[in-house]
Amino acid sequence: MDKVGILVVSKCLSSAAMIDTFARSDNYSPEFYVAERQVNPLNFKRAKVHRVIPDLDVREIAKFAGRHRREIAFGLTDTEDFVVAGGRDFVEKETGVPMLCVTKKFAVEASKADQRLLFERIWSEANPRYKVFDPSEFSNPTAAVDDFTRFSKGLLDGFAIKPDAPARGAGVGVWGKDFRTREEAVEFFRNVYSKGRVVVEERIEGEESSFHAFSDGRHFVPTPLTRDYKRAVDGDVGKLTGGMGSYRGPDEALPFLPPLEWEKVVRLERDAFEKWKGEGSNPGLRGIVLYDALMHTRGGFKILERNSRGGNTEQMCFLTTMLDDYVDVCYRMVDGSLKGVRFSNKASVVTCAVPLDYGIGPAQDHASVAVSLDGALALEKKRDGRLRVFPMDLRLDEGGRTLMGTSRSVAVAGLGSSTEEAHELSLEGVMALDGPFRHRNDVGSAVDIRRSKERLLAVRKAATAAPP
């Protein structure tokens with residue numbers, strides 16, 4: 001088989017899933033050149049060349065890529081930090097290695113306020129009611145608080161307070177969950193405002209989904225819809241986290257959505273993408289060009305936020321069910337011929353094993369805590385492709401021990417003909433891990449899906465019954 005060199009810029013989020021998907025190629029023999037923040041066990045084992053760059057400085061990444069430019073066909077990343085910092089622009093300029101992510105110009109994840117302004121231009125119906133609070137426009141913090149108080153009183157269903165810069169869940173507050181009184185909301189707003197611009201949006205009741213799309217700069221190729229679980233504890237309660245898991249069903253849509261809603265989402269997302277990229281081909285939009293967090297609500301759906309790369313666990317759901325060779329998909333994105341990507345009708349449920357204190361208390365120092373993936377990896381072989389184990393915030397020390405970090409430790413994907421089967425396999429894999437972990441039990445469960453369907457139906461019935 002033909003060898004193909006692949007640069008992977010890794011923050012140890014979804015990079016293990018990317019490498020695993022490439023490694024399953026039937027047509028190529030991938031060789032991985034990995035630049036990552038720590039020594040991820042799977043990535044280190046599979047890398048031809050591995051380099052630790054703790055801060056993922058784009059200049060150091062470019063030097064690393066430059067030394068191997070003759071062997072590398074293309075590169076990818078699992079972190080918005082690289083994208084927002086203009087990593088693609090710099091690496092391509094310095095090395096000529098094509099990177100499959102958007103350029104800095106299109107890295108809208110850098111600012112939630114700029115996202116709202118973008119949607120005003122390309123898809124105004126996707127915006128909820130919102131207001132941007134910019135310190136440069138207020139004489140002092142008290143004036144901003146007074147304006148926030150006036151605006152938020154008009155949002156009768158509650159509101160969300162978001163820092164302008166990416167916060168990965170931390171720093172985002174929602175009425176009724178993170179604060180329950182006006183006084184608590186003002187205090188939350190003051191804290192976020194002290195760090196820069198703030199976006200306040202109306203709280204939207206409904207059910208969430210995650211929409212992703214690939215592009216070669218011209219063609220728009222959606223992936224199956226996924227559902228992310230941000231809250232720390234079963235029942236979708238507790239603090240917001242980077243994500244406790246995700247699922248996709250056996251169909252392109254999610255099982256709690258009406259059949260025609262998926263078609264509407266794709267049509268409107270495609271129309272907005274066409275306005276965003278402009279006429280013809282736009283090489284700045286290449287790779288996974290968007291990951292939109294959608295809220296399906298009383299009148300259709302709204303966009304909660306847009307990300308400039310694939311979701312961490314959501315991406316695992318569709319990579320594990322991709323039928324096309326991922327190397328060929330990437331080659332087609334580079335040469336501008338990506339007209340479609342095939343996915344199976346398998347469900348995929350990804351459950352994260354996390355440190356015991358993750359999302360529920362002050363972070364502890366786990367740097368010297370050793371864990372073992374041996375049981376889960378043995379089960380992965382036994383389940384013959386229906387189970388995948390992806391290390392995340394784990395690192396190998398010089399003695400070969402696998403040590404914990406402070407964030408999500410391992411993601412385990414279960415694949416099945418039904419979401420329930422995939423859910424059970426995912427939990428079986430998580431339980432086979434050895435270490436001080438916890439996890440959510442309801443990611444992709446039949447009970448949770450039924451609740452989603454009931455909640456969405458109730459929201460939409462209430463809207464039709466409400467007086468005009």
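How far is the sulfur of C12 from the closest cysteine sulfur, and in which residue does that sulfur lie? The legends below concern a predicted model, and the first view takes up this question.

**Figure 1. Two cysteines, C12 and C101, in the predicted model.** The closest cysteine sulfur to that of C12 belongs to C352 and lies 14 Å away, which is too far for a bond. A disulfide is a covalent bond between the sulfur atoms of two cysteines. To count as one here, the two sulfur atoms must be within 2.5 Å. For C101, the closest cysteine sulfur is in C330, at 12 Å, and this distance is likewise too far for a bond. C12 is buried, with a relative accessible area of 2%, and C101 is also buried, with a value of 5%. A search of the whole structure finds zero disulfides.

**Figure 2. The packing of helix α6 against helix α9.** Two packed helices are described by the angle between their axes and the distance between the axes. Helix α6 spans residues 112–122 and helix α9 spans residues 259–277. Their angle is about 100°, and their axes are 9 Å apart. The two helices are therefore roughly perpendicular to each other, because angles of 65 to 115 degrees are placed in that class. On the α6 side, L118, R121 and I122 take part in the contact, and they meet A272, K275 and W276 of α9. By type, the residues of this contact comprise four nonpolar and two charged, with no polar ones.

**Figure 3. The largest nonpolar core and the surroundings of M99.** This core holds 55 residues, and those that touch the most other members are F82, V91, M99, F211 and W276. Helix α9 supplies the largest share of the core, six residues. Setting aside residues up to four places away in sequence, M99 touches L7, V9, G75, L76, F82, R88, V91, E92 and R286. Another core lies apart from the largest one; it has 41 residues, including Y28, L319, Y326 and V350.

**Figure 4. D442 in a loop.** The loop that holds D442 runs between strand β23 (437–438) and helix α14 (446–465). Is D442 buried or exposed? Its relative accessible area is 8%, and a residue under 20% counts as buried, so D442 is buried. Neighbours within four places in sequence are left aside in the following list of contacts. D442 is in contact with Y229, D234, G235, D236, H423 and D448.

Technical notes: Residues numbered from 1 in each chain as written. Predicted model: local features only at pLDDT ≥ 70, side-chain atom pairs only at ≥ 80, totals over all residues. Heavy atoms only, no water. Axes fitted to C-alpha atoms, helices over the stretch in contact; angles between N-to-C directions. Helix = DSSP H or I, 4+ residues; strand = E, 2+ residues; numbered from the N terminus. Parallel < 35°, antiparallel > 145°, perpendicular 65-115°, else oblique. Contact = heavy atoms within 4.5 Å. Nonpolar A, V, L, I, M, F, W, Y, C, P; charged D, E, K, R; others polar. Buried < 20%, exposed > 50% of the residue type's maximum accessible area, 1.4 Å probe, protein only. Core = buried A, V, L, I, M, F, W, Y, C linked by side-chain atoms within 4.5 Å.
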